[in-house]
Structure formats: structure tokens, C-alpha cells
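Here are my notes on the model you sent over. Have it open while you read, and go through the points in order.

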Amino acid sequence: MPALKPTAFTARITWLGHVPGALGDQLRAEPTDHLTLGLDGPADEAHAGRTRPSCSRVLSQHPERGTPIANVRQLSVLSAEELALIAADAGLDRIDPAWLGASMVIEGIPDFTHVPPASRLQGPDRTTLVIDMENRPCVLPGREIDKDRPGHGPGFKAAARNRRGVTAWVERPGTLRLGEAVTLHIPDQPVWPHLAQARSA
């Protein structure tokens, strides 16, 4: 029995970008019309690699920062609909995905930030991304926003709560292009009934 179920939810790629340089040099992405993806992630990109140093997001699992762990944050994928909501709450006419270090913006999947972990986004040539989990907002995009729109950066983190998109890693290499459609595939399993209890512990 297949473990993943193709769905009727598809989305159009409306923006692609890459962050040049070494990780930590900058957050701002540069727009592009395609992304060439290997198993290490986007080619020549700051977030690429099979491993990454652990950070504050996983301190409960890896108390020593900088511990080498598998890189499930090769890409940052966001929703055009959610970016519009962030912009409205932050008092902006729009959010430039470059400010957020985005890899890809898609349009067409509702409540995209909360799709199930381990879901896949698959392109026309079977290029496949595995969604790790929600990408929690931080203050770094606010600093980029302030460079172009002074005074609007501090409002980003609160406006982006539950709307910051997801992180993902490459399961099957290939190329993603502007305007292409990606299809959502979800794990074919029920939601764990003890989730609320586990979160409250």
C-alpha cells in the first residue's frame, strides 16, 4: 500500500530565489527563473548541504549548538496568500520574498504553513521536495525589511506567526521553474490522537 497519497491540491510557482554566499553572510535572496536542485539542495546556495550545524530551533534535542545534523532546511517555501496576510498586518503593501530568504513562493494551497510534515511537493518532471515542518518566524527578516521600508521590520515576526511557510529538503533532484505547477502529496495515515496531550507535557 502506498505511504503517500497524491491530492487534488496543486499550486503555481510564483517566485523563486537563492541566497548566495555562505550561511550567515546574509539572509536576502536573489530572484531567479529556475532552481536546479541536487540532493544537497539548490546549487551554490547558502542553505544547501546534506548536513547543517544545529541551532536554537533544536536545542531540546541537541543542547550543544553547532552539532552536525541532517539538513532538512535546504529550502524555504512560502505561500503567496499568506505573504499577503503578513503584509496587511505589518502595514506593508507587499512582502518581497527576497527579504525572507525565500527559495520558492507558491499560490493555490490553503493554509499552506500547516500542511502535514513529511508531505511532498512534486513538480512536472517529478522533482520532489519533502516538507519538514513549519518555519517559525524570527527577527532576521525584519532587519531586511527595515533596509527597504524603515520602521516596518519590527512588526514582521508577529504578523508572520502561523504564516511563515515551511522548510523542505530535496528527495528527488531536478529543476523547478517559474510558472510551473507543483502537486501536494500527503502521508496516508491518521493524525496521532495523543498530539494535544504530548504538546501540553
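1. Start with Val191, which is exposed, its relative accessible area being 67%. Exposed here means over 50% relative accessible area, buried means under 20%, and partly exposed is in between (1.4 Å probe, protein chains only). Val191 sits in the loop between strand E13 (181-187) and helix H4 (195-200). Helices (H or I, at least four residues) and strands (E, at least two) are DSSP runs, numbered from the N terminus.

2. Before going on, a word on the source: this is a predicted model, in which local features need pLDDT of at least 70 and side-chain atom pairs count only at pLDDT 80 or more, while totals for chains, interfaces and linings use all residues. Residues are numbered from 1 along each chain as its sequence is written, and side-chain values use heavy atoms, with hydrogens and water left out.

3. Which residues make the nonpolar surface patch of about 330 Å²? Val191 does, together with Trp192 and Leu195. For a patch, residues need over 30% relative accessible area and no salt bridge; nonpolar side chains (Val, Leu, Ile, Met, Phe, Trp, Tyr) are joined within 5 Å, and like charges within 9 Å. A salt bridge is a side-chain nitrogen of Lys or Arg within 4 Å of a carboxyl oxygen of Asp or Glu. Areas are from the Shrake-Rupley method with a 1.4 Å probe, and for residues only the protein chains shown count as cover.

4. Now look at Ser119, in the loop between strand E8 (104-107) and strand E9 (120-122). Ser119 counts as buried, because its relative accessibility is 0%. Leaving out residues up to four places away in sequence, Ser119 touches Leu129, Val130, Ile131, Leu184, His185, Ile186 and Pro187; contact means heavy atoms within 4.5 Å. The Ser119 side chain also reaches the backbone oxygen of Pro116 at 2.6 Å.

5. Pro187 turns up again in the strand pairing, opposite Leu4. Strand E1 (residues 4-18) and E13 run antiparallel, joined by six bridges; two strands pair if DSSP finds at least two bridges between them. E1 also pairs antiparallel with E8 over four bridges, where Trp15 stands opposite Val105. Three bridges join E1 to strand E2 (residues 30-32), again antiparallel, and His18 has Glu30 as its bridge partner in E2.

6. Last, there is an open, antiparallel sheet of three strands in the order E4-E3-E12. Its edge strands, E4 (41-42) and E12 (174-177), each pair on one side only. Two bridges link strand E3 (residues 34-38) to E4, and Gly38 has Gly41 as its bridge partner.

Conventions:
Polar contact = N/O pair within 3.5 Å; in protein donor to acceptor, adjacent residues only side chain to side chain.
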